[in-house]
Amino acid sequence: MFGFFKKKKKSPRPRRMFTSYDLDFFRSVVKKLPAKYSFLLEQITPKLWTAEEPDSEDNDLHFLVFNNDIRDPFENENIPSVYRLRNIRVRNKVDGAIYLLELMFYNGVINRYKMRAPIEDLDMATIDCSRVQADTFRNNDREELNKILQGIDQELLASLNIADTYEIEIEEGNFYVIKYLEDGNFLAITKRGEVYLLVHDPYVVKKLFDTKEEFFDAIKSNSFDAQKALDEVIS
């Protein structure tokens, strides 16, 4: 499992709202990329990108927090589901050094980036994409989740975010995301089939169902409301 799309979150880290300079910087990066990546420009909007969250172990890695209600239209099946662009070069205005930027994608959507310096310290006029390199990776997390959910009716799975899954490692265990909720919160499942609610702020890991069968029976009977479960925790 490649670390750049494996979210490790041992404790909550403070989020940072995107500034207009941040958005302009990433738009400038996309404009310097080969023309086939021009579709990324429409993603870089405060309507979709609400904030960023630093990784708990790698200070250079930053996760994008999305408005998931409008994320789906931005997905692009024309590039591999797990993808990375690296060797994007930019000068730091503070120390004059050249820093490297990496962009990571999931289903054609930028979902994280790697950069050692704060974005506000970077000179967007010096962005250099002439040596950009692309990497494709196998999505082992989706394969593992498919094994966990084997035997579940496809019609029930259609209401979840199975294709967008990734593994989350926290002190309470390992979880696979099955449903994106608001503000970076999730429904997730373990290899044993237990279903949990994972909440960022306040930090909560709450078991909702002991088995996947109980969970899907509740969906089938309309007796489970994920938003209500979330509201009970954050209210």
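Mentor: Of the 235 residues of the chain, 49% count as buried, where buried means under 20% relative accessible area, exposed means over 50%, and partly exposed lies in between, with a 1.4 Å probe and protein chains only. This is a predicted model, in which local features need pLDDT of at least 70 and side-chain atom pairs count only at pLDDT 80 or more, while totals for chains, interfaces and linings use all residues. Residues are numbered from 1 along each chain as its sequence is written, and side-chain values use heavy atoms, with hydrogens and water left out.

The chain has 5 helices and 13 strands, which are DSSP runs numbered from the N terminus, helices being H or I with at least four residues and strands being E with at least two. Along its principal axes, the C-alpha trace of the chain spans about 60 × 35 × 30 Å. Of the contacts in the chain with a separation of 6 or more, 59% are accounted for by residues 24 or more positions apart, a contact meaning heavy atoms within 4.5 Å.

Arg 112 is buried, with a relative accessible area of 2%. The side chain of Arg 112 makes a polar contact with the side chain of Asn 111, at 3.4 Å; such a contact is a pair of N or O atoms within 3.5 Å, and within protein one must be able to donate a hydrogen and the other to accept it, while residues adjacent in sequence count only if both atoms are side-chain atoms.
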